[in-house]
2 protein chains.
Amino acid sequence: MNKEIKKNLKIVKKTLEEARLYGHAASVLNFDRLTACPKKAREAQGDTCAMLTNQAFQLGKEKKFVRAFTYLYENRGDLDKYDQVLARSLYRNYQRTKKITPKMDHEFTLIENKAYVDWLDAKDAADYALFAPSLQAVRDVEMKRISLQKDKKDPPYNSLLDLYERGMSETMLDEAFGECKERMIPFLEKIKASGRQIRTDFLGRTAPVEAQARLAQYLLNLIGYDFDRGALSTTEHPFMDDLAVDDVRVTTHYYENNLVSSMFSVLHEGGHALFGQNTPRAHYKHFIDGEKTLGMHESVSRFYENRIGRSRAFIELTFDKIKELFPELTRDVSPEEFYEAVNLVTPSLIRIEADEFTYTFHIIIRYEMEKEIINHGAKIEDLPKMWDDKYEEYLGVRPSNAREGILQDVHWSDGFGYFPTYALGNMYNAMYYNKMREKYDIDRLIRDGNLDVIRDWMTKHVFKKADRLDAAEWIRDITGRDFTPKDYLDYLEEKFGAIYGL
Amino acid sequence: MNKEIKKNLKIVKKTLEEARLYGHAASVLNFDRLTACPKKAREAQGDTCAMLTNQAFQLGKEKKFVRAFTYLYENRGDLDKYDQVLARSLYRNYQRTKKITPKMDHEFTLIENKAYVDWLDAKDAADYALFAPSLQAVRDVEMKRISLQKDKKDPPYNSLLDLYERGMSETMLDEAFGECKERMIPFLEKIKASGRQIRTDFLGRTAPVEAQARLAQYLLNLIGYDFDRGALSTTEHPFMDDLAVDDVRVTTHYYENNLVSSMFSVLHEGGHALFGQNTPRAHYKHFIDGEKTLGMHESVSRFYENRIGRSRAFIELTFDKIKELFPELTRDVSPEEFYEAVNLVTPSLIRIEADEFTYTFHIIIRYEMEKEIINHGAKIEDLPKMWDDKYEEYLGVRPSNAREGILQDVHWSDGFGYFPTYALGNMYNAMYYNKMREKYDIDRLIRDGNLDVIRDWMTKHVFKKADRLDAAEWIRDITGRDFTPKDYLDYLEEKFGAIYGL
């Protein structure tokens, strides 16, 4: 490594080290704000957090730093495999945000903060009009951000997709979702027509919060989560947060009359956390641990939530524990009944409560609307009707108000382009599940409680290169095949065909 | 207010505003480190916290800032009552730390951090030799700090007392503790000789953690703690933390076989928290909310823990709830038996487990040793024997190892002069309890559950001027009398005389 490279690497890493401390502090404040922080202190804590984030943003604008990583990017052929990724990432990010001043960035943040508050109020009142002006402002911010990028993409929505899922484009998504619609719409009709009755009455029975907390601990231990480097907290909306290399936390929410809500949210966030805990330490050292895409991340969380968690083998493995913790709830329930109940297919209005099969329709609806919003300047006041019509078209249900319609998700108060990653995650994990199956009888591993073997396979194949590759390269690296929704659709048809006797 | 004053006030408050953000962030990180943070992430989180603290320390050294508050101090006659306090505080602090560079401060911090780790190891191994070198280093730091002060005090220990309890001196403490010994030593002999048997068997029975958590909630609500501006978390060692004006948190620790441990720690920390939550908002605005002394703070926490919490009236008020939550534990226990059990006097080795009566002896022992350590250069290797001898002299018990002797408390890994504030707190609150009694039948208020009336009296008389006055002025302002241990000693003799039939 020549002297100039060495010198510039040193400059870059010194700044990133400093920025990381601010980022770490901001993460802890944010985590605390969503868990332990009292209601009336949250706003002030948000302000302190914003100050810390702004310090990190300013560090990233220092001329010496920009010059250094630009040099590295231009000479990336001389860097090791990690620093190449770092140089590319810094350079890409710089192209995207170069023309955004700290002041503008701060203004954007304020608009998004206000949109969040307006969204809360609007959802509470089920009144879209309370949110519409902010939604307009958020779209304006997105369009402004896109217009300020150096390498503009066409159509503009591709810029947003690329932000969350490096290399992803409308063309690829149109094709994937097209296949989904082609196979899933008629299949859903068959399910509806099957007349199969699935018992779910017991899921609404009382499940003491204490016992749910014990189940959560048990499940996280089972999938191989390391509590010495993590923690389980409660919060309003479950999330995973990787605050530091040895600090990857999971949160959940316990509802006394909804056992499966926390059970599967713990598996979902626990999946995210396994990804964080088993990211190579070298990636932290080289400041590239945050390069994995959202689609990759969702693939892992949904793998643990659905492919593992909602499998018959997993229910059989855990049912004794569930019976022990919830004797009343399970008093007249067989493992098979429990398995079927957590896999009931039923078209519904709320995405986060959707079953595994209909979930993709919720994403398709949002994806189609985001394209209208970003590419075609859809009128903000027309969106609720567009939403309701699409629900009627795809799922045969129509919201009776905006709370169970367009106001249900927080995401659009913050921007657009996030939703497709959820659906991509399902498709990715179906592909690597099939790859894993070449080596292991996965159901057997699950039944024997050998979840550590699965985690280790994931570490070796799925987690290892995620930070270094674009999504398309990554899935090819794992499976030897190009991205396709086929494995996912085959899986759905096989699983739900069996349950519904099709 | 003249222009020059205005200008300098603006400079001072701008810097303090900025420093407060760093301080706020550091507080949250510290709180999180002691509650939610995973074991293996604590060290890194400590480093980030140190960076934030250092940022605040550096701000305090800026020339412009120093010039501005010095000007204010010199013209304090022209300031309002709040800014006078602020100017005096900044100036006093500056006199104390002027010659300490950020680098030295950092070195001191490292020594204290190491001492903390060594203390943990030494306590764990019950091996004083593992801690002795660090204890020596901590004393050297203290002596160095004292020698660098502008207005040196004589003897040097007075500098430390003044740091934690503005205006307090050895002369005053020698006198107060002298009276204590004179009356309490013979009284303790009488208690021992009384032959009175008090039943405590039931205190060791199982008390489910869930029920203890409910009791903690109940108790905090009862004394008037505001959960919208606070929170209750669990931690290894209970503490109160005021992170921001609307964020005053309490922590506790639940032991399944020790109900009273969490019960009284919650009342103790809850007392601290009431002080924080009912500090005038103007004090936050004027950056003087942290001026209250430790003795004042301990007076309030011990007021709620002992004067309220361990009173017969309070046990009678809460006993139904305790029975409801712990039916097994209380199955054969009367309120009177519970009252006596939590007031058993028994000379023992561990300060934090000591009863209300013998507690002061634990403090006197530490106070006498601190004087030897700071004023008379006692040899570090001689301290364990000195400790054991004093326990034998005052309490008639002798530690069998250093863990239950000199290594039991964390404090000396951080410095000296803190302990006396615990005893002062008891004496202060005995004085203002008697003042409150002129207006209210306090036992009646408690029996009727009117704890809010007590909190409001405390707010008006005890909390209101605490930040603005030295301890001696403050207790005179509340009670119209000079500081004296007499009220406290009278109270002890009356209460325990009744229990032990003396």
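Student: What makes strand β3 (residues 247-252) of chain B largely enclosed by the rest of the structure?
Tutor: In this predicted model, six of the six residues of β3(B) are buried, so the strand is largely enclosed by the rest of the structure. Buried here requires 20 or more other C-beta atoms within 10 Å of the residue's own.

Student: Which residues of β3(B) point one way and which the other way?
Tutor: B:D247, B:R249 and B:T251 point one way, whereas B:V248, B:V250 and B:T252 point the other way, and all are buried. In a regular strand, side chains alternate between the two faces of the sheet.

Student: What joins strand β2 (residues 240-244) of chain B to β3(B)?
Tutor: Four bridges join β2(B) to β3(B), and the two strands run antiparallel. Here B:V250 of β3(B) is the bridge partner of B:M240. β2(B) and β3(B) form a hairpin, with two residues between them.

Student: Why is helix α9 (residues 209-223) of chain B called roughly parallel to helix α10 (residues 259-277) of chain B?
Tutor: The axes of α9(B) and α10(B) come within 10 Å and cross at roughly 30 degrees. That makes α9(B) roughly parallel to α10(B), because angles under 35 degrees count as such. The crossing of α9(B) past α10(B) is right-handed.

Student: Which residues make the contact between α9(B) and α10(B)?
Tutor: From α9(B), the contact is made by B:Q212, B:L215, B:A216, B:L219, B:L220 and B:I223. From α10(B), B:L259, B:S262, B:M263, B:V266, B:L267, B:G270 and B:L274 take part. By class, this contact has ten nonpolar, three polar and no charged residues.

Student: How many residues of chain B are in contact with chain A?
Tutor: On chain B, 28 residues are in contact with 27 residues of chain A. α1 (3-34) and α2 (42-60) of chain B each supply at least two residues of the side that touches chain A. The largest share of that side, six residues, comes from α1(B).

Student: What classes of residue make up the side of chain B that touches chain A?
Tutor: That side divides into 14 nonpolar, six polar and eight charged residues.

Notes
Residues are numbered from 1 along each chain as its sequence is written. Chains are lettered from A and ligands numbered from 1 in the order in which they are written. This is a predicted model: local features need pLDDT of at least 70, side-chain atom pairs count only at pLDDT 80 or more; totals for chains, interfaces and linings use all residues. Axes are lines fitted to C-alpha atoms, for helices over the stretch in contact, and angles run from 0 to 180 degrees between N-to-C directions. Angles under 35 degrees count as roughly parallel, over 145 as roughly antiparallel, 65 to 115 as roughly perpendicular and the rest as oblique. A crossing is left-handed if the near helix is turned anticlockwise from the far one by less than a right angle, and right-handed if clockwise. Two residues are in contact if their C-beta atoms, placed from the backbone, lie within 7 Å. Ala, Val, Leu, Ile, Met, Phe, Trp, Tyr, Cys and Pro count as nonpolar, Asp, Glu, Lys and Arg as charged, and the others, Gly among them, as polar. A residue is buried if 20 or more other C-beta atoms lie within 10 Å of its own, exposed if 12 or fewer, and partly exposed in between; C-beta atoms are placed from the backbone. Two strands pair if DSSP finds at least two bridges between them.
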